[in-house]
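Biologist: Hi! Could you walk me through this one while we look at it together?

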Amino acid sequence: MTDSIKNNDNEMSDAVNSADTVLTKNEATLKQHKSEDGVSDMSKLVQYSHTLIDDYMGQLKLDKKGNSLISKEALLSQKIRKQFNISAPTKLNTAIKSATKAINTMPGVSGKTIRTTNYTITITSTEITPHFEGGTDLIVYYTFKNTSKNKNIEPTESLIEGAHFTQESKTSINDLDLGNPSKDSDEWSSLEKAASQKVKPGAEVKCMGSYELDNTEYPVKIQATDPDNNDAKLGTITLELPNN
């Protein structure tokens, strides 16, 4: 069992540090309630499974199938409990849920959501419209949530800094410039205004941005980075063009 627990130590990532923080807090809570039923058994379980949990937390940073890994490790924990005759499985499930919650708030990309150190951007829909000088613009609708504790953040600036829009053609990969649609609407004006104003910590707003397409044949790709963490790479989002 020890060998299997340590199998993937070489794949540890920075996620382990955050997971360790969560697990350490859980251990501290157990110490505060050491006289209660089941806590002694739970403390043993933490002792035997701490390395294992650290290991799969590190893998979650690298593997997009994080939820299935959690489920797999939850089943493995049952084997550990049986081997060491340890009870209180609900307390282990609580620890796993706590760690999962922490992982889900880490910077990264999931679906069409970008999570950085201080904000979250979720692309809700797109449409294409004529560019004012000819050609085509991609309209991007998104929600912006300020997840920082004490910063007021502008959505447009954050989208420009943390989301690099590109599009392939038959011969090259092109950086997309900001768009300038030939038409306008009250809805667009309202969403653009919201995107240009600073959002308070904890607040969420609906926004809009636009990008000038190179062509209408290839999808648009967004390379997401974290501006508040040395532009760390977070992942890629692919946007299929509407009506394609």
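Modeller: Happy to! Keep in mind that this is a predicted model. Let's start with serine 148: a polar atom of its side chain lies 3.2 Å from the backbone nitrogen of lysine 151.

Biologist: Okay, and where is serine 148 found?

Modeller: Serine 148 sits in the loop between strand E4 (136-146) and helix H6 (155-162).

Biologist: Is serine 148 buried or exposed?

Modeller: Buried, because its relative accessible area is 7%, and the cut-off for buried is under 20%.

Biologist: What is serine 148 in contact with, leaving aside neighbours within four places in sequence?

Modeller: With that limit, serine 148 is in contact with Asn118, Ile153, Pro201 and Gly202.

Biologist: Now the strands. How many bridges join E3 to E4?

Modeller: Eleven, and the two strands run antiparallel. They form a hairpin with five residues between them, and glycine 134 in the turn has a positive phi of about 100 degrees. Proline 130 stands opposite threonine 136 in E4.

Biologist: What about E2 and E3?

Modeller: Strand E2 (residues 113-115) pairs with E3 in the antiparallel sense over three bridges. A hairpin of three residues joins E2 to E3, and isoleucine 114 stands opposite isoleucine 121 in E3.

Conventions:
Residues are numbered from 1 along each chain as its sequence is written. This is a predicted model: local features need pLDDT of at least 70, side-chain atom pairs count only at pLDDT 80 or more; totals for chains, interfaces and linings use all residues. Side-chain values use heavy atoms; hydrogens and water are left out. Helices (H or I, at least four residues) and strands (E, at least two) are DSSP runs, numbered from the N terminus. Buried means under 20% relative accessible area, exposed over 50%, partly exposed in between (1.4 Å probe, protein chains only). A polar contact is a pair of N or O atoms within 3.5 Å; within protein, one must be able to donate a hydrogen and the other to accept it, and residues adjacent in sequence count only if both atoms are side-chain atoms. Contact means heavy atoms within 4.5 Å. Two strands pair if DSSP finds at least two bridges between them.
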